[in-house]
Amino acid sequence: MTVTHLNDEHFMREALALAEHARDTHDEIPVGALIVDANGAVIGQGWNRNIGDNDPSAHAEIIAMREAGRAVANHRLIGCTLYVTLEPCAMCAMAMIHARVARVVFGAFDPKTGAAGSVFDLLADPRHNHRVEVTGGVLADDAGTMLTSYFRAKRGKKASP
């Protein structure tokens, strides 16, 4: 399977399953990510592990990129697409640029720290020597609801009807 925009929902559902795993198995903030190579093979996956690992850099995207780099034996992820359930932060966006990720597809927008257009637009900044194609809002309602429900449960608030 070659990666196309038609596959975005398929791979986002896989990322959402990783986010559920983070929430249900590890009590982590439910963010999941996976890296798909140009041929459509998943070569890296991850979920937020920063709380359990006591590691501020252990975001889902970083974990997935580390695994993908090992899979291809290269720090460059040329031609790859990164799927993530939440708009990347500045740290993750810059890691994508350094890794030369071709494309990022994200679910929910992050109006507080999003770096793919919401607060910052690091991935498209012309000052970088590499730009990442961005598609946002894929299954955004599913991803956003999962995050909102997680934080409401942590704060002891009931979900809205």
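A pocket is defined, on a 1 Å grid over the protein atoms alone, as an open set of points with protein on both sides within 12 Å along at least five of seven lines, and its lining residues have an atom within 4 Å of a point. In this predicted model, local features need pLDDT of at least 70 and side-chain atom pairs count only at pLDDT 80 or more, whereas totals for chains, interfaces and linings use all residues. Residues are numbered from 1 along each chain as its sequence is written, and side-chain values use heavy atoms, with hydrogens and water left out.

The largest pocket is lined by 21 residues, and Leu86, Asp110, Thr113, Leu147 and Phe151 lie nearest its centre. Helix 4 (residues 140–155) gives the most to this lining, with 5 residues; helices (H or I, at least four residues) and strands (E, at least two) are DSSP runs, numbered from the N terminus. The lining comprises 10 nonpolar, 6 polar and 5 charged residues, where Ala, Val, Leu, Ile, Met, Phe, Trp, Tyr, Cys and Pro count as nonpolar, Asp, Glu, Lys and Arg as charged, and the others, Gly among them, as polar.

Strands of a sheet pair through backbone hydrogen bonds, either parallel or antiparallel. Here, 5 strands form an open sheet of mixed pairing in the order 2-1-3-4-5, two strands being paired if DSSP finds at least two bridges between them. Strand 2 (42–47) and strand 5 (133–136) are the edge strands, each pairing on one side only. Strand 1 and strand 2 run antiparallel and are joined by 5 bridges, with Val36 opposite Val42 in strand 2. These two strands form a hairpin with 5 residues between them, and Gly40 in the turn has a positive phi of about 90 degrees. Strand 4 (residues 103–108) pairs with strand 5 in the parallel sense over 4 bridges; Arg103 has Glu133 in strand 5 as its bridge partner.

The axes of helix 1 and helix 4 come within 11 Å and cross at roughly 10 degrees; axes are lines fitted to C-alpha atoms, for helices over the stretch in contact, and angles run from 0 to 180 degrees between N-to-C directions. The two helices are therefore roughly parallel to each other, a description applied to angles under 35 degrees. Arg13, Leu16, Ala19, Glu20 and Arg23 in helix 1 meet Asp142, Ala143, Met146 and Tyr150 in helix 4, contact meaning heavy atoms within 4.5 Å. The residues of this contact divide into 5 nonpolar, no polar and 4 charged.

Notes. On a 1 Å grid over the protein atoms alone, a cavity is a set of points where a 1.4 Å probe fits but cannot get out, and a pocket is an open set with protein on both sides within 12 Å along at least five of seven lines; lining residues have an atom within 4 Å of a point. Angles under 35 degrees count as roughly parallel, over 145 as roughly antiparallel, 65 to 115 as roughly perpendicular and the rest as oblique.
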